[in-house]
Amino acid sequence: GEDVEQSLFLSVREGDSSVINCTYTDSSSTYLYWYKQEPGAGLQLLTYIFSNMDMKQDQRLTVLLNKKDKHLSLRIADTQTGDSAIYFCAESGNTDKLIFGTGTRLQVFP
Amino acid sequence: NAGVTQTPKFQVLKTGQSMTLQCAQDMNHEYMSWYRQDPGMGLRLIHYSVGAGITDQGEVPNGYNVSRSTTEDFPLRLLSAAPSQTSVYFCASSPGLGTDTQYFGPGTRLTVL
């Protein structure tokens, strides 16, 4: 079945860039998403990328997609303490289901 | 709009008890889904619905039932609670998939003793 994998933790210094990586197995993925979950809250969509795109930039966020390697990354420029959260990668293929990764906990320290 | 609401926020059950987790949305979304979130396992899809009267199983449907009699409501029933169902449950809705954002509820934290 489809699988989406992420590393569990990332720790960065405030002001540095953060790069969160994700790999997936479903070659029919149509859209790939990044969600953010703050403590005690539900998930919020940060950004998404269509599978025929290589890159998408949205203010401090840059999404890179390597479809050949089935690798997705989220880069956060100038990381702030407010960016501390769990980040989930997700993909949807030709079904109505959204498959989430395990989530990466980003900790930003001063 | 209230968005996606879930009740209760917290619940403690004994093994074997049954209960219903409520989810409602006021955005006229066709697509609704239930996830459970467990440490180190991300979100796993339990059941989903693409419209009133239509439901389907997700990745981990065993021990749960759903129904979708209206567009607004999508309750999740635990038939006979087990400790393995201790988790945080999230309901989500969206107009569809693709570029449509999924809106998540605040979650229900369930503990089964």
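How many bridges pair strand 7 of chain B with strand 8 of chain B? The views below take up that question along with the rest of the picture.

**About the model.** This is a predicted model, where local features need pLDDT of at least 70, side-chain atom pairs count only at pLDDT 80 or more, and totals for chains, interfaces and linings use all residues. Residues are numbered from 1 along each chain as its sequence is written, chains are lettered from A and ligands numbered from 1 in the order in which they are written, and side-chain values use heavy atoms, with hydrogens and water left out.

**View 1. Here is the open sheet of chain B, built from four strands**. Its order is 1-3-8-7, with antiparallel pairing. A strand here is a DSSP run of E, at least two residues, numbered from the N terminus, and two strands pair if DSSP finds at least two bridges between them. At the edges sit strand 1 (4-7) and strand 7 (64-66) of chain B, each pairing on one side only. On average, neighbouring strands are turned by 20° against each other, direction ignored; the axes behind that angle are lines fitted to C-alpha atoms, and angles run from 0 to 180 degrees between N-to-C directions.

**View 2. Zoom in on strands 7 and 8 of chain B**. Back to the opening question: three bridges hold this antiparallel pair, with strand 8 covering residues 76-78. Look for V66(B), whose bridge partner in strand 8 is L76(B).

**View 3. Over in chain A, five strands make an open sheet**. The order is 1-3-8-7-6, again antiparallel. Strand 1 (4-6) and strand 6 (55-58) of chain A are the edges, and neighbouring strands are turned by 15° on average, direction ignored. Strand 7 (residues 61-66) and strand 8 (residues 71-76) of chain A run antiparallel, joined by six bridges. In that pair, L61(A) stands opposite I76(A).

**View 4. This is where chain B meets chain A**. On each side 20 residues are in contact, meaning heavy atoms within 4.5 Å. The two chains bury about 1600 Å² between them, 62% of it on carbon and sulfur atoms; buried area is the accessible area (1.4 Å probe) that two parts lose on being put together, summed over both. Strand 4 (31-38) and strand 5 (42-51) of chain B each give two or more residues to the side touching chain A. Strand 5 of chain B has the largest share, five residues.
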